[in-house]
Amino acid sequence: MTNAQHVRASSRTLTVCSVILIIVGIPTMAHEVIGAIYGVTTSTAALAVSASCVSAFVGLVFFVWLARFVPSVLSWIAAFMWGTGGALIIAGIGNGVTDAAVQAMSLGGETTDVMTSVVSGPLIEETAKGIGALMLILAARRTLQYPAQGAVLGGLVGLGFAWGEDIGYYVSALEDDTGGLGQAFLIRGVLGGFGHAIYTGVFAYFLVWAFLRARNAFVGILAVCGGFVGAVLLHAQANGVGFLAPEDSWNLTYGAIELPVTAVAITFLVWGVRRRRATLET
């Protein structure tokens, strides 16, 4: 089979995979959103959803500007919807079971919080998000040309996950007043607004790197495992800041750590995409 035939076959596989993820994503996304806004007033629901849309919209515009809907618009929709639906469902079930098990150990309140937020939470959530990224990258592997394209797909999954997750946080913040929403948005939408996109993007980058660059299966497996561990550790450090930051300067401490992480991730992604694109276009 020629390379052109391989690409066409892979494109068809990607289309089928994307459609499946979208079909799964529609009811699971509806379930998550309805669950988050159930029982609250229409104005509260509208404010929460709108606030969550802001950072998601900014992220999507950035990806469109940078990556131009490669490998396909359908795969982008599928990635985002897996994050908002399937990944949130899996993470919710996994976190619920794990949280109950940890609480049954009677470790104490703060220790339990650290275990669930810094240890089990990142592991479960990155696994849930990574499933969708893995499926799309496997389906698209013959159409992808450089690892940064994988980071974009993983980033889209993370954006979707954050969008769905943040709605619940904003609803909870609005139980007090709109001032609570402002504080929640500062943390969730600005200082750590693109954390989930970065974590899953790291895993997806190394996953594509393994397919395109690894000299043998052993190196490829090491790269994939390293990418997943990196995603979990980045997620864990972000959650861990909440337990280490002084209460009177929490926002400042959190921002001083997470904003540079975001800046570095954006810089490397832009460099990776533009460098490779320039190479292909010369």
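## Basis of the model

The model is predicted: local features need pLDDT of at least 70, side-chain atom pairs count only at pLDDT 80 or more, and totals for chains, interfaces and linings use all residues. Residues are numbered from 1 along each chain as its sequence is written, and side-chain values use heavy atoms, with hydrogens and water left out.

## The nonpolar core

The largest nonpolar core has 61 residues. Such a core is a set of buried Ala, Val, Leu, Ile, Met, Phe, Trp, Tyr and Cys residues joined through side-chain atoms within 4.5 Å. Buried means under 20% relative accessible area, exposed over 50%, and partly exposed in between, with a 1.4 Å probe and protein chains only. The residues with the most contacts inside this core are F63, W76, L136, I137, V152, I167 and L269. Its largest share, 13 residues, comes from helix α6 (residues 147-173). Helices are DSSP runs (H or I, at least four residues), numbered from the N terminus.

Leaving aside neighbours within four places in sequence, V152 is in contact with F63, A67, W76 and L269. Contact here means heavy atoms within 4.5 Å.

Helix α3 covers residues 73-84 and has 12 residues. From first C-alpha to last it reaches 17 Å, close to the 16 Å expected at 1.5 Å a residue; the expected span is 1.5 Å times one less than the number of residues. Nine of the 12 residues of α3 are buried, so this helix is largely enclosed by the rest of the structure. The buried residues in α3 are S75, W76, A78, A79, F80, M81, W82, G83 and T84.

Helix α5 (residues 109-140) has 32 residues, and its first and last C-alpha atoms are 45 Å apart, close to the expected 46 Å. In α5, a kink of about 45° lies at G121, shortly before the proline P122. The bend at a residue is the angle between axes fitted to the seven residues ending there and the seven starting there.

S18 lies in helix α1 (residues 3-37). S18 counts as buried because its relative accessibility is 0%. The side chain of S18 reaches the backbone oxygen of L14 at 2.8 Å. Not counting residues up to four places away in sequence, S18 touches L74, S75, A78 and L136.

## Salt bridges

Side chains of opposite charge can pair when their charged atoms come close. A salt bridge is a side-chain nitrogen of Lys or Arg within 4 Å of a carboxyl oxygen of Asp or Glu, and the structure holds three. In one of them, K129 pairs with E126, the closest N and O atoms being 2.7 Å apart. K129 and E126 both lie in helix α5, three residues apart, about one turn of the helix. K129 is buried, with a relative accessible area of 0%, and E126 counts as buried at 2%.

R188 and E165 form a salt bridge at 2.8 Å, N to O. This pair links distant parts of the chain, with R188 in helix α7 (residues 178-191) and E165 in helix α6, 23 residues apart. R188 also meets D166 in a salt bridge, at 2.8 Å from N to O. Here R188 in α7 is linked to D166 in α6, 22 residues apart. R188 and D166 are buried, and E165 is buried too. Salt bridges that share partners join E165, D166 and R188 into one network.

Definitions and conventions: Helices (H or I, at least four residues) and strands (E, at least two) are DSSP runs, numbered from the N terminus. A polar contact is a pair of N or O atoms within 3.5 Å; within protein, one must be able to donate a hydrogen and the other to accept it, and residues adjacent in sequence count only if both atoms are side-chain atoms.
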